[in-house]
Amino acid sequence: MWLTRILSSLFFLACTVVSIPLAFDVGGRACGLAFSLSLASFYFFYSILRLATPSRSCFRRLLVNLIATTQWIILPSLLIWSLNRFSVEPTDTRGWVERTFSGKRATDTSLSQWILGPDGLAETATVGVWDKFLTWSTPVFQLSEGFCSLLVIQAAGQVTRWLVNRSGKSDSWMIGLLVMSASIISSSVYFLWRVTQFPEISNVDATLIGMAITCVVFVCAWGIGSGKGNPVESSLLFAYIVLCIYQIFTDYQPSNPIDPPPPSEAADFPPFPPIVMASYTTLLQALSTLPSAIHAIFSFIVAALSTITPSVIISLAYRLFVLYASTRIIPAVRESGARALSQEPSLEDSDGANRILGILSWFSPSILIAVYTSLLMQHFATTSNGENGDWWVSQGGDVGNNLWRWINVAGTMALYALELHLSKEDLDGGVTGHWKSD
C-alpha cells in the first residue's frame with residue numbers, strides 16, 4: 001500500500017513539474033493557465049471526494065480508487081484538451097470583463113457561443129479569475145515562504161541547542177555544529193560573490209544588497225552575542241537571505257556562456273579496446289532500428305524537460321520543503337512536543353490550528369499546482385524584459401518586479417529580530433521541551 005502511494009505521488013509530481021511548463025511553452029499563456037486550472041480543479045474535487053467518503057461506504061471508496069487509478073490517463077487527456085482548445089492566443093490584450101461584455105461580442109450567432117465559444121463568458125471568466133488569483137497570491141506565497149523558513153531555522157536552532165546542552169557528547173556536538181555553521185556561511189559568501197559578478201546589477205541593486213547583508217550580519221551577531229540565538233540559527237538565516245538575493249538576480253544560468261571547444265582531430269587509434277568499440281557500434285545500430293514512435297517519444301521527453309526552468313524547480317523544491325516542515329513544527333511548538341514531528345496533521349485534532357493544517361494537507365495537490373504555476377508566472381514576468389520574454393507581454397502578461405522578494409527579505413529579518421527582542425535565554429524550546437534528558 002505504501003509503495004503504491006509513493007509511486008502515485010512521484011507520478012503526480014513528475015507530471016506536474018513537466019506538463020505545466022510544457023503547456024505554457026507550446027500552447028502559450030492561456031493554454032498554460034487553462035491546463036493549470038483544470039489540473040488544480042481535478043485534484044480539488046478529488047480531495048473533496050476523499051474527505052466525503054466514509055470508511056463504511058464501499059461504492060464511494062471504489063470510486064475514489066478508480067479515480068486514483070485513472071489519473072494516469074486523466075492528466076495527459078487534460079493536457080491534450082488544453083493544447084487543442086487554447087493553443088491559439090487571443091490578440092486582444094484587454095481584461096476578460098471587457099472582452100466578454102464589449103460590443104464585439106455581437107457577432108456571436110447564439111447565446112451558447114457567447115457563453116461557451118472562444119473567448120466566451122465561461123472561458124474568460126474561469127481563466128481570467130484563475131490568472132488574477134495567481135497574480136494576487138504571489139505575495140502570500142512569498143511571505144509564507146519567509147515565515148516558514150524562519151520556523152525551520154528556529155526549530156533547527158532549538159534542536160542543536162538541546163544537543164549541546166543536554167546530550168552526553170556536548171563537546172563533540174559543539175565542534176561539529178560550529179564546523180557545519182562555518183561551512184554554510186562560507187558557501188553563502190561564495191554565492192554572494194557570484195551575485196556581485198552579474199553585469200545587470202545597478203547602483204540601486206547594489207545598495208539594497210549592501211543594506212540586506214549589513215542587517216543580517218548585525219541580527220546574527222546580536223543573536224549569538226545575547227545568547228538568544230546560536231551559530232546554527234545565524235548561519236541558516238544568513239544562507240536564506242543570500243538565497244533570496246541570488247534568486248532575485250539570476251536564473252541559475254551562467255552569465256557568460258562558455259564557447260564550446262573546437263572539435264579535436266580524429267586519433268589514429270580508437271580510444272577504447274576493439275571489443276568495447278564493437279559493442280558500442282552494435283548498440284548504436286540496434287537503437288537505429290527501433291520504431292520511429294520510440295524516437296518520437298524520446299524527443300518529446302527531451303523537449304519537455306528542456307522547458308523546465310532550474311530557478312523555478314529549485315524555488316519550488318525549497319518552498320515545498322519549508323511548507324511541509326512547518327506543518328510538523330507548528331503542532332510541536334503548540335502542544336505535542338517532538339512527537340508531532342513524526343505525526344501527520346489530522347482533521348480529528350482538538351486544536352483548531354492543527355485542524356487547519358490537516359485541511360491544507362488534504363488539499364496539498366491543488367496547493368502545489370497553484371504554487372508552481374505562480375512561480376512559473378513570476379519567472380516569465382521577471383524575464384519579460386529580455387529577448388525571450390516578449391511573448392509573455394504580448395499575450396497579456398505583466399512585467400514583473402522583485403518588490404515582494406525584497407519585502408520578504410526585510411520581513412524575515414525584522415521578524416527574527418523581534419523574536420530575539422521578546423524571547424528569553426533558555427535551554428528548552430517549544431520543540432525540545434518535551435524531550436527526555438536522562
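Select helix α9 (residues 231–249) and helix α16 (residues 403–422), which pack at an angle of about 170 degrees with their axes 10 Å apart. Axes here are lines fitted to C-alpha atoms, for helices over the stretch in contact, and angles run from 0 to 180 degrees between N-to-C directions. Helices (H or I, at least four residues) and strands (E, at least two) are DSSP runs, numbered from the N terminus. The two helices are therefore roughly antiparallel to each other, a term for angles over 145 degrees, whereas those under 35 count as roughly parallel, 65 to 115 as roughly perpendicular and the rest as oblique.

This is a predicted model, in which local features need pLDDT of at least 70 and side-chain atom pairs count only at pLDDT 80 or more, while totals for chains, interfaces and linings use all residues. Residues are numbered from 1 along each chain as its sequence is written, and side-chain values use heavy atoms, with hydrogens and water left out.

**The face between α9 and α16**

Display the side chains where the pair meets. On α9, the residues include Glu233, Leu237, Tyr240, Cys244 and Phe249; on α16, they include Arg405, Trp406, Asn408, Met413 and Tyr416. Contact means heavy atoms within 4.5 Å. The residues of this contact divide into eleven nonpolar, three polar and two charged. In this grouping, Ala, Val, Leu, Ile, Met, Phe, Trp, Tyr, Cys and Pro count as nonpolar, Asp, Glu, Lys and Arg as charged, and the others, Gly among them, as polar.

**Along α9**

Keep α9 selected. Of its 19 residues, 15 are buried, so α9 is largely enclosed by the rest of the structure. Buried means under 20% relative accessible area, exposed over 50%, and partly exposed in between (1.4 Å probe, protein chains only).

Next, pick Ser235 in α9. Ser235 counts as buried, at 0% relative accessibility. Beyond its neighbours within four places in sequence, Ser235 contacts Ser181, Ile184 and Ile185.

**Glu145 in α6**

Move to Glu145, in helix α6 (residues 121–166). With 1% relative accessibility, Glu145 is counted as buried. Apart from neighbours within four places, its contacts are Tyr240, Tyr318, Arg319, Val322 and Asn408. Tyr240 and Asn408 are also among the residues where α9 and α16 meet.

**Helix α8**

Select α8 (residues 203–226), whose 24 residues reach 34 Å from first C-alpha to last, close to the 34 Å expected. Its buried residues include Asp205, Ile209, Val216 and Gly223. The cover over the buried residues of α8 includes α7 (170–196), α9 and α16. Just after α8, Gly227 takes a positive phi of about 80 degrees.

Centre the view on Thr373, in helix α14 (residues 364–382). Thr373 is buried, with a relative accessible area of 0%. Thr373 touches Ile20, Phe24, Leu33, Ser36 and Leu134, not counting residues up to four places away. Val17 is 356 residues from Thr373 in sequence, yet their C-alpha atoms are 9.7 Å apart. Then select Leu13 in helix α1 (residues 2–27), which is partly exposed at 34% relative accessible area.

**The whole chain**

Finally, show everything: 16 helices and zero strands. Buried residues make up 39% of the 438 residues.

Technical notes: Expected span 1.5 Å × (residues − 1).
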